[in-house]
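Biologist: I would like to go through this model with you, one question at a time. Please show it first.

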Amino acid sequence: MINVTKTFLPPIEEYQKQVKRAFDAVWLTNRGALVQELENKLIDYLGVNHMLLLNNGTIPLQIAVKLMGKGGEIITTPFSYVATTTAIVWENCTPVFVDIHPEYLTIDQTKIEAAITEKTTAILATHVYGNPCHVEEIERIAKKHNLFVIYDAAHAFGVKYKGQSILNYGDVSTLSFHATKIFHTGEGGAAIVNNESLQHSFFYSHNFGHNGPTDFHGLGINGKMSELHAAMGLAVLPYMEHILQSRKEVVNYYDTHLDFSKVSKMKLRDNTEWNYAYYPILFKSEEELLNAQKRLNEQDIFPRRYFYPSLNTLPYVTSQPMPVAEETAKRVLCLPLYVDLSVDKLKEIIQLVVC
Ligand SMILES: *Cc1c(COP(=O)(O)O)cnc(C)c1O
C-alpha cells in the first residue's frame, strides 16, 4: 500500500538513546532537558529568534487566537487543513473568509481589506503546501488597520523567503510536528512568537497559566510537549538534509514526467526556498480527479484530497461563497511524496494519474 505520505523514522537505536536520557533523569515532561535542547536546536536550524515547543500544531493556533483574536472577527483562508478554522471557532471568534489566489493558492491579499470591519482583530493565513503568503502586503494591511497576524505554518518547516525563515513574519507562526509532516515528533508542534510582548503570555498559556506552584498569571491550557516526543525530534532532526534531498528527487521526478497538458501545479512564490512538503496537482474537473483517484485506489495507492472541502462550507461556519477556493478544493489531489519513494512506484502513479 502506498499512502500520500510515510513517516520518516530514524534508526530505533538513535531514538532509544534519546529516550534513555529521559529514563536516566526520571523526567518525562514539564520542559525537561530534551524539550529545551530540541527548542535550541530548532532555533538554530530554522534561523528564528524564538520558539516554544507544544504538544501539537493545533494548540498553538488556539492559544494565538485566544490571545490575539479576543472574541472578534478573524480574516482567514478557506483553503487549509480544518484546524485553521476550528481554532478560530473553538475560541469563540468568527472566521471571515477571504478567497484564495487561483495559482498561489494562499489567501488573496488584494481581497483582505474589503473584509475588514470594526470587529476584525487578526488575520490568520496559511502558507499552504509550504508556499509563502504575500507576507509584505499582509503586513502593510495589518499595520494600517492595527490587526495581529498569525501564520499557520504547519507546512512551512524550513521554508525560506527572501533568504530568511518564513517563520520570522507575522506576530506568531505555528508549526506542526505531526507524524505526517516533514519534520516530526510523532505528535508535536511549536509557536514562533515574534511579537515580544506576547512571548510571556504565550508561555504561561501553554502551562495552565502557572507562575510558580501556587500562583497564576491567568487562564491557561496544557500545551506542553513531553520528553518522549522531544526524543523523537532529536533523533529525526539530524536527518533533515537527507529527508529534503530525497523528497526533492521525488518532486523532480513528478515535475519531469507528469503530463502538464492534463493537470497543473500551484505557482511557487518568487524568492522562495521551498521544502517539498506536498505534491498537489490540479485536475481540469472534479470528475477527472475522481477517476484518477479510483484508478490509483484500485492499485492500493492512496493520494489525499488535501484540501477538500473548502473550509467556508463547513457546517459550523457562515460565509459568502468562495468561488476560487471551492473550485480548487474540488480539483486538487496530493500525490504520494515521501523519503525513498521508488522510481518504479512513481512510474506506476504517474501512469495512473492521467490516462
Ligand atoms: C497538520 C496541520 C495542522 C494541525 O497540526 P496537528 O499537529 O495535527 O495538531 C494545522 N494546520 C495545518 C495547515 C496542518 O496541515
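Modeller: A salt bridge here is a side-chain nitrogen of Lys or Arg within 4 Å of a carboxyl oxygen of Asp or Glu. The model is predicted, so local features need pLDDT of at least 70 and side-chain atom pairs pLDDT 80 or more, while totals for chains, interfaces and linings use all residues. Residues are numbered from 1 along each chain as its sequence is written, and side-chain values use heavy atoms, with hydrogens and water left out.

Biologist: How many salt bridges does the structure hold?

Modeller: One of them joins the side chains of Asp24 and Lys20, at 2.9 Å from N to O. Both residues lie in helix H1 (residues 12-25), 4 residues apart, about one turn of the helix; helices (H or I, at least four residues) and strands (E, at least two) are DSSP runs, numbered from the N terminus. The count for the structure is 16 salt bridges.

Biologist: Across the interface of domain 1 and domain 2, how many salt bridges does the rule find?

Modeller: The domain assignment, automatic or from a database, gives domain 1 (2-238) and domain 2 (240-354). Their C-alpha centres lie 24 Å apart. Between the two domains there are 20 residue pairs in polar contact, both at pLDDT 80 or more; a polar contact is a pair of N or O atoms within 3.5 Å, where within protein one must be able to donate a hydrogen and the other to accept it, and residues adjacent in sequence count only if both atoms are side-chain atoms. For salt bridges across this interface, the number is 0.

Biologist: About how much area do domain 1 and domain 2 bury between them?

Modeller: Buried area is the accessible area (1.4 Å probe) that two parts lose on being put together, summed over both. Carbon and sulfur atoms carry 65% of it in this interface. In domain 1, Ile2, Val4 and Tyr129 lose the most area to domain 2, together 22% of what that side buries. The total is about 4,200 Å².

Biologist: Which element gives the most residues to the side of domain 1 that touches domain 2?

Modeller: The elements giving two or more residues to that side are strand E1 (2-3), helix H4 (83-90), strand E4 (94-97) and strand E7 (160-161). The one that gives the most, with 3 residues, is H4.

Biologist: Which residues come nearest to the ligand?

Modeller: There are 13 residues around the ligand, counted if a heavy atom lies within 4 Å of it. A polar side-chain atom lies 2.6 Å from a ligand oxygen in Thr58 and 2.7 Å from one in His155. In Ser176, a side-chain N or O atom is 2.7 Å from an oxygen atom of the ligand. The nearest residues are Thr58, Asp152, His155, Ser176 and Lys181.

Biologist: Where is Pro309, which a cis peptide bond joins to Tyr308?

Modeller: For the bond between Tyr308 and Pro309, omega is about -5°. The peptide bond from Tyr306 to Phe307 is also cis, with omega near 5°, and Phe307 lies in the loop between strand E13 (301-302) and helix H10 (323-331). Pro309 lies in the loop between E13 and H10.
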